[in-house]
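Colleague: Hi! Could you walk me through this one?
Modeller: Happy to, here it is.
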Amino acid sequence: MALFSILVLRLYLDTFLHRAIGIRNTTGWLPFFLWQCLSETGDCPEDVTLFFTFSTIIMVGLIVYTGPFWKRCVFPVVYLAIWMLLEGVADFAIRYLSGNVETSFLMISAFSKILLFLLSIGIRQFAKKTGIGKEPYGGGMVFIALPIIGMILYHTLYQLLQTLYANQSEIGGWMSLVAIALICLNLAFYPVYMQLVNNFQMKKNTNFYIKQMELFSQERTMEEAAAIEIQQLRHDMRQHLIFLGELLENGALEAAQDTLIELIGETRKRGRLESRTGNMVMDSMVNHVWKTAVENGIIFHADITPLPELSIKDADLCVLLGNAFDNALEASRFVEEGRKEIWVTSQYIKGSLCIQIKNIYEGDVKLSADKKIISRKEERGHGFGLYSMERITEKYHGRLGITSDGGLFTVEILIYC
């Protein structure tokens, strides 16, 4: 029964949280397992059972799983509230069907866990269908109030009815109705959470669209400036060549060489755009990061091939590139001057878009199970967008590769579009 309890709880929490890697995955389950073995005897008082079950489930959420602190607390507590209420329903239902006042604790425990297992499968399917499972959402501990209040209310009501009614069947009827009502109330948490996640995603998409429009506008401005500079360069080129010819004719080779070097450097600065693929999102994002890199003393290398019309949504491509570029630029802030470099390559081969972004970084990089950088410096540089990037690559049946070796951080994106 204790192992079955672990199975059901793991099935439920895996729906909403990422499991940690290593010894945490074992040590976090141990207190819960030992307490379940002890509590299955049915010899512990109800208050003690509830307290230790609450404590060990919270320990599972905080130790075994990673992610936002509030999610690792709220989801286990909602689970516990539903579990406790199902045990009440199972207890009174067995009493009513058997006609006995006293029921077997093991029978109640088994029946309630089977109901909880079926309900967890239903919650998992609902989360998968609506896409609210492991979506990042900035909620809060306020969600923990409802299940805790419900558990206190249920326990208090049971004590009150014990003093008002001598007939156990009447108490069972009232408690069953209250338990079912509170279960429905706790289950309402998931549609509410779904709506909050959807609102969060809508707000995030709106921000991306606004950013996209700003980048498009900036891209247009850069293209116009580049065109004007190229025209001016062509106009000035004839004068430069005449002057260069005069120097060579008079044997001033050193002055001619200096003039030529200066002219080459000038042409590199003027009329330059790093990306001209024909895809507005790719061009605007690459040219924006190139401009930002130049302004911050970062050497920027780009190898971008022309792109056909892509089936990936502009918003999704914007999320992919935006997060990858922001991570590379942020990590470069911690690199000493003269070593800051970013490489971007992109090519389209037989229906697949391959993108590689590399950057120099300093310090050690560690990835957690939920695709977040957990090192001291690079947590700010690489951690927060990788989950969204992975979600989008999976959406287009691709993959996201992340490696760090020898001070070089590499993100490889493959999507079929």
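Modeller: One term before we start: a residue is buried under 20% relative accessible area, exposed over 50%, and partly exposed in between. Also, this is a predicted model.
Colleague: Thanks! So is Arg339 buried or partly exposed?
Modeller: Arg339 has a relative accessible area of 34%, so the residue is partly exposed. Its side chain meets that of Glu336 in a salt bridge, 4.0 Å from N to O. Glu336 is partly exposed too, at 45%.
Colleague: How many salt bridges does the structure hold?
Modeller: Seven. One of them joins Glu330 and Arg333, with the closest N and O atoms 2.7 Å apart. Here Glu330 counts as buried at 19%, while Arg333 is partly exposed at 49%.
Colleague: Which residues are linked in a network with Asp14?
Modeller: Arg10 and Arg19. The closest N and O atoms of Asp14 and Arg10 are 3.8 Å apart. Those two are about one helical turn apart because they sit four residues from each other in helix α1.
Colleague: Switching topic, which residues have the most contacts inside the largest nonpolar core?
Modeller: Tyr12, Phe75 and Tyr190, in a core of 50 residues. α5 gives the most to this core, with 16 residues. Tyr12 touches Phe75 and Tyr190, and its other contacts include Val78 and Ile123.
Colleague: And what joins β6 to β7?
Modeller: Seven bridges, with the strands running antiparallel. Gly401, for example, has Glu412 in β7 as its bridge partner. The two strands form a hairpin with two residues between them, and Gly406 in the turn has a positive phi of about 60 degrees.

Definitions and conventions. Residues numbered from 1 in each chain as written. Predicted model: local features only at pLDDT ≥ 70, side-chain atom pairs only at ≥ 80, totals over all residues. Heavy atoms only, no water. Core = buried A, V, L, I, M, F, W, Y, C linked by side-chain atoms within 4.5 Å. Buried < 20%, exposed > 50% of the residue type's maximum accessible area, 1.4 Å probe, protein only. Contact = heavy atoms within 4.5 Å. Pairing = 2+ DSSP bridges. Lists of a residue's contacts leave out its neighbours within four places in sequence.
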